[in-house]
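Hi there,

Here is the model I promised to pass on. Have a look at it first, and my notes follow below.

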Amino acid sequence: MATLQFGKGIILKKSNNTINNSNNNCNNNCNNCNNNGKSTKENNSQNIIEIKNVSFYYNETEGLPAVDNVSLNIKRGEFLAVLGHNGSGKSTLAKLLNGLLVPDSGEVLVNGLSTKDESQSINIKKTVGMVFQNPDNQIIASIVEEDVAFGPENLGFTPKESRERVESALKAVNMWEFRNKAPHKLSGGQKQRVAIAGVLAMQPECIVFDESTAMLDPKGRKEVMDTLLNLNKNNNITIILITHFMEEAARAKKIAVMNNGKISAAGTPKNIFSDYKLITDTGLALPQPTELLHTLKEKGINVDVSAVNTTDCIEVLSKLLLKEKEA
Amino acid sequence: MIKDVSFGQYISKNSLIHKLDPRLKLFLLIAYIIFIFLASNAYSLLFITAATFFILFLSKISLKTYFKNIRMIIPIIIFTSLLNALYSGGGTLLFSYGFIKIYTSGIYRACFMTVRIISLILISSVLSYTTTPTDLTDAIESLLSPLKYLGLKNAVHTMAMMMTIALRFIPALIEETDKIMSSQKARGASMESGGLIKRIKALLPILIPLLISSIRRSYELAEAMESRCYNGAEGRVRMKEMHFINKDYFSFAFSIVVFSVTIILNILF
Amino acid sequence: MNLLEVKNVSFSYNKAANKKERKTKNKTDNNKYITKAAINNISFSVKNNEVIGVIGHTGSGKSTLMQTLNGLIKPDSGTVYFKGNNIFLNKKELYKFRFKIGLVFQYPEYQLFEETVFKDVSFGPKNMGLDEENINKRVTEALNIVGIKKDLFSKSPFDLSGGQKRRVALAGILAMKPEVLVLDEPTAGLDPVGRKMLLNSIINYKNQNDAAVIIVSHSMEDLAKISDKLLVLNEGNQVAFDTLNNVFKNRERLQSIGLDVPEVTKIMIALKEKGLINNDEVYTVKEAADIITNTFRGCCND
């Protein structure tokens, strides 16, 4: 067999997870992590993550960078969607955010801490949680509650504290009644919610969803989307959603479009989806309602194309047709 | 079909044995095995076998379920019995045919060995039927914990983590194997026919994808674990605490009595 | 004539498990495998050059049904006819039907195993016992249809991108030149461009070979674009087997089993309710745009 390459799976250079001595003192102020901005006094900056001129190569000797001189600030409490075709570098970007990968040049700051600083590795991973694509490959234990406890156990919480965290995390994703089940008996959406609970139990300030809905059916996708919208709204957790589904991105507050390792555009869903050229050039698609509006515009009808969901689209078209009827 | 293989033998019941601390259960199992071997005459062996049956009764699992496990080792029992029957001389000659001679002591030895093997299997089944694989892993980890003082802390933890992950992924891998087999069958692969070499060759289309997907899984799992602040044994505190309760002390005392009586019977007769 | 006909097919995984379960009834739910979805009395048929879209939730029995179509699962009752022949009639001949009824599993790229793309695609034709010339011709054709360029033929399939791997896996089935192509969620996990390319490959194959296509998908929008008829499943039962119009007209029935019409149809239904357009039986953006433009221009001419 020729050389096996597991795509983005193999990390050629990854941060060395050295033993973290600051483990215990960071546990103490963790309970108020969710009241964001208060957790660390020196960090009342409104950006939770700052990406500064970051480049990353999977293979430095040959080939193009997977992430190419990207700069982006992510505000506290924001809901950011990252769009891009396969191989556009968006998953690499995701892994740079919590220090799974470390930039070759530039810097990623989480609450002002650089991911290059190995002594802060645990602190950063605790602040920026990750939910991955394949629900099966991120659940570690054979029982739901034990899996959710994995994070708190690693952080060295007392059994009592861990229990409390597991309970509140499982309740937040509506999986409390499944706490004694084996993960492989659950549906895809349920497994993904367990994975979210596993991250929540670390009480992160930000959660990155790396194509976490890609392998789910519509029902599972809805479950995950409802959960993450709820976490964003009610727990004020910053959400970064990497997805191929335009309808999901349309629900975000802000969209960043990646292409060839660069961020080619960033803006509100309305802004992004009104730009037909951008969408086609970067290998994306439009949500069906927006596609309808764009098609009408192409046919010479003067219509506002910025509606990104069905309700808005109906409104725009109703107004348009009514006006024409009256005229 | 592969899917029918159920993993782990745990049978959920609300019994005293189920509720015992898994560490104690594992420890006592080892002790019972040792004492079954130590029982050197019919009285002591029958006594410890009776105690074993009493434990089976306490586990609330039907004898039929237990004896399913014995069915599988019947060939071994027959083989050892025959060897014992044929090669022990002494007592009166019961049967002779050419060079085959069977004495009463041979029959006695054969019965003795059979009872001993059956007791061993039964007592071992108690552990596997009444303890979940996860509990068992935890028990092994804590029983090995003295090794930590020999500077092997990480080794013990790593072993236990490996077992946990293996238990978690066995169902997934079984399912995956099944799926890959079906996919290759849909491409006309046949796995049932042909000579040995042809059959081994026919396995490649299944083994290679399985291997590749396992490697991919392990990378993804490693990333997920790292993202959840996994750092080996360092600073890790388990949520599940194991405490000895009255039931445990009682069972421990009961077993000590059984072991003592076994030894006394050994000495008396 | 019907190319493939499915008649009253039922299958349950449990009967095999039942025997075992009775013995160990005391096991908790925790220790049973998820019971795979059974199917109950499914009947439908497909003609040459026809596309049947299959919809239903996870657990509706779609995947089970797909595997009965090429004989990987033998139904408990009912049977499958290919060109009038009962495929389950002779167990020894059954495998031959697998070349005629090509089944592409979900995430088919996980079945790739050979050193090169070309070799992997030739696995199927080789199993058919074809000669080398024929194999080469079929493999090249199949790879052409899925849009894999010549310079990738000798590459390892594991070096390709996700979308390319998927298309190579599809080519592995197409190279057997099946007359019926059965696909289980072929676009799952792909990006928009990848989805489009894959669906185009499938339609191209169908048109070039006059083949029938049976395609499972979660995307109403995709199915509405390519299907002639829809088969709707719910918990193993057949809810409908009918034209797009007849299936989508009964929106309440779809909603009652947790499905819905395509997004664009929702828009058109709302507009019709407001009396702004007079036809809401459209399921693709193109048709919808035509109707709105016509209404628009129609009213302007008044």
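**Where chain B meets chain A**

Between chain B and chain A, 16 residue pairs are in polar contact, with both residues at pLDDT 80 or more; a polar contact is a pair of N or O atoms within 3.5 Å, where within protein one must be able to donate a hydrogen and the other to accept it, and residues adjacent in sequence count only if both atoms are side-chain atoms. Helices α8 (153-186) and α9 (196-227) of chain B each supply at least two residues of the side of chain B that touches chain A. The largest share of that side, 13 residues, comes from α9(B). (Helices are DSSP runs of H or I with at least four residues, strands are runs of E with at least two, and both are numbered from the N terminus.)

Before going on, a word on the conventions. This is a predicted model, in which local features need pLDDT of at least 70 and side-chain atom pairs count only at pLDDT 80 or more, while totals for chains, interfaces and linings use all residues. Residues are numbered from 1 along each chain as its sequence is written, chains are lettered from A and ligands numbered from 1 in the order in which they are written, and side-chain values use heavy atoms, with hydrogens and water left out.

Back to the interface. The contact (heavy atoms within 4.5 Å) takes 50 residues from chain A and 33 residues from chain B. About 3900 Å² is buried between the two chains, and carbon and sulfur atoms give 56% of this; buried area is the accessible area (1.4 Å probe) that two parts lose on being put together, summed over both. On the chain B side, B:Arg168, B:Arg228 and B:Met239 lose the most area to chain A, together 25% of what that side buries. The rule also finds 6 salt bridges across this interface, each a side-chain nitrogen of Lys or Arg within 4 Å of a carboxyl oxygen of Asp or Glu. A salt bridge joins the side chains of A:Glu153 and B:Arg236, at 2.9 Å from N to O.

**The sheet in chain A**

Chain A has an open sheet of 6 strands with mixed pairing, in the order β6-β7-β8-β3-β9-β10; two strands pair if DSSP finds at least two bridges between them. β6 (128-131) and β10 (262-267) stand at the edges with a single partner strand each, so one side of each has no neighbour in the sheet.

Strands β7 (residues 206-210) and β8 (residues 238-242) of chain A run parallel and are joined by 5 bridges; A:Phe209 has A:Leu241 in β8(A) as its bridge partner. β3(A) and β9(A) also pair in the parallel sense, over 4 bridges, with A:Ala256 in β9(A) as the bridge partner of A:Val82. β9(A) and β10(A), by contrast, run antiparallel and are joined by 5 bridges. Their hairpin has 2 residues between the strands, and A:Asn260 there takes a positive phi near 50°.

Is β9(A) buried or exposed? 5 of its 6 residues are buried, so β9(A) is largely enclosed by the rest of the structure (buried means under 20% relative accessible area, exposed over 50%, partly exposed in between, with a 1.4 Å probe and protein chains only).

**A helix in chain C**

Helix α2 (residues 62-69) of chain C is also largely enclosed, because 7 of its 8 residues are buried. Among them are C:Leu65, C:Met66 and C:Leu69. C:Gly71, which follows α2(C), has a positive phi near 80°.

Best wishes
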